[in-house]
Amino acid sequence: MSTEIASQSDYWNDEADSFRKIYSHEKSAFSNFLDKVFRKDMYERFVFTLHHSAPFPDKKFLDVGCGSGKYAVEFARKGAQHVTGIDIAENMLELSRRLAEQHSVQDRCTFLHTDLLGYELKELFDVSIGIGLFDYIANPFPVLSRMRQATTDRVVISFPRLWTWRAPVRKIRLATRRCPVYFYSRKRIERLMSDAGFSKMKIEKIGKLFCVVGYVNG
Ligand SMILES: C[S@@+](CC[C@H](N)C(=O)[O-])C[C@H]1O[C@@H](n2cnc3c(N)ncnc32)[C@H](O)[C@@H]1O
């Protein structure tokens, strides 16, 4: 693991439970209100990802940077044949495993402690997702290429937008926690996707994010 990934991993191990609560809303009414206002796009990208990852039955999914398991478990609940979630933070993986058990889908979910470049590909996936992942990747091209290589149908990913009021605030806030964060313009995303071999793509602006679908077979 590189020093940067190790430091990202420390950050996410510390933040795992707070992150989970953004979805479960086990917070004060005021904090939930703040999430609703300032994290609206996080909830919207969940809807976007579900929509563009469907249909689920009989399909295999890869969730890179699966975090607390919100996406992986929902895919399994919707009938996915199998979901493999990978993440660099063991505390996140523990939350994913627990969530899968709560929803009785643990038999169709596997959660592994690795980053994508260190993950030995033994099978291909119909759909791979990377949601809230590229924010934390210094060199996104090899990761995106690997996602394409791992996938037969499409990838669904998100990128934080460069030109928003929140970008510098977030950059500074996370730098103090030794968690570097990266932002993207639409032009850079188009170039990255095309260099990674996606000739057909859909890019939708959702709040402070770009949500992207890359079609493997153009
Ligand atoms: C913002 S969370 C998103 C979690 C989940 N995808 C979601 O949207 O609910 C980012 C996750 O990416 C993981 N992560 C960061 N860099 C990674 C890398 N290089 N490989 C795999 N996971 C990574 C972190 O540990 C964290 O769990």
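1. Basis of the note. The model is predicted, so local features need pLDDT of at least 70 and side-chain atom pairs count only at pLDDT 80 or more, while totals for chains, interfaces and linings use all residues. Residues are numbered from 1 along each chain as its sequence is written, and side-chain values use heavy atoms, with hydrogens and water left out.

2. The shell around the ligand. Of the 18 residues around the ligand, those that come nearest are Y23, G65, D87, I131 and G132; a residue counts as near if one of its heavy atoms lies within 4 Å. The shell divides into twelve nonpolar, three polar and three charged residues, where Ala, Val, Leu, Ile, Met, Phe, Trp, Tyr, Cys and Pro count as nonpolar, Asp, Glu, Lys and Arg as charged, and the others, Gly among them, as polar. Helix α1 (residues 3-24) gives the most to this shell, with three residues; helices (H or I, at least four residues) and strands (E, at least two) are DSSP runs, numbered from the N terminus.

3. Polar atoms facing the ligand. A nitrogen atom of the ligand lies 2.7 Å from a backbone N or O atom of G65, and a polar backbone atom of I131 is likewise 2.7 Å from a nitrogen atom of the ligand. In the side chain of D87, an N or O atom is 2.6 Å from an oxygen atom of the ligand. On its own the ligand has 600 Å² of accessible area, of which the protein covers 98% (Shrake-Rupley method, 1.4 Å probe).

4. Salt bridges between separate parts of the chain. The structure holds 16 salt bridges, each a side-chain nitrogen of Lys or Arg within 4 Å of a carboxyl oxygen of Asp or Glu. One of them joins the side chains of K208 and D41 (3.0 Å, N to O), and this pair links distant parts of the chain, with K208 in the loop between β6 (200-206) and β7 (209-215) and D41 in helix α3 (residues 40-53), 167 residues apart. K208 is buried at a relative accessible area of 15%, and D41 is buried at 6%; buried means under 20%, exposed over 50%, and partly exposed in between (1.4 Å probe, protein chains only).

5. The contacts of R170. The side chain of R170 meets that of D135 in a salt bridge (2.9 Å, N to O). Because R170 lies in helix α7 and D135 in the loop between β4 and α6 (140-149), the pair ties together parts that are 35 residues apart in sequence. Both R170 and D135 are buried, and the R170 side chain also makes a polar contact with the side chain of Y136 (2.9 Å) (here a pair of N or O atoms within 3.5 Å, one able to donate a hydrogen and the other to accept it; residues adjacent in sequence count only if both atoms are side-chain atoms).

6. A salt bridge within one helix. The side chains of R77 and E74 meet at 3.4 Å, N to O, and they are separated by about one helical turn because they are three residues apart in helix α4 (residues 70-77). R77 is partly exposed at 49% relative accessibility, whereas E74 is buried at 16%.

7. A buried strand residue. S128 is in strand β4 (residues 125-130) and counts as buried, at 0% relative accessibility. Its C-alpha atom is separated by 9.8 Å from that of G85, 43 residues apart along the chain.

8. The nonpolar surface patch. F30, F33, L34, V37, F38, W165 and V169 make a nonpolar surface patch of about 730 Å²; patch residues have over 30% relative accessible area and no salt bridge, with nonpolar side chains (Val, Leu, Ile, Met, Phe, Trp, Tyr) joined within 5 Å and like charges within 9 Å. Helix α2 (residues 29-38) gives the most to the patch, with five residues, and F30, which is in this helix, counts as exposed at 57% relative accessibility.
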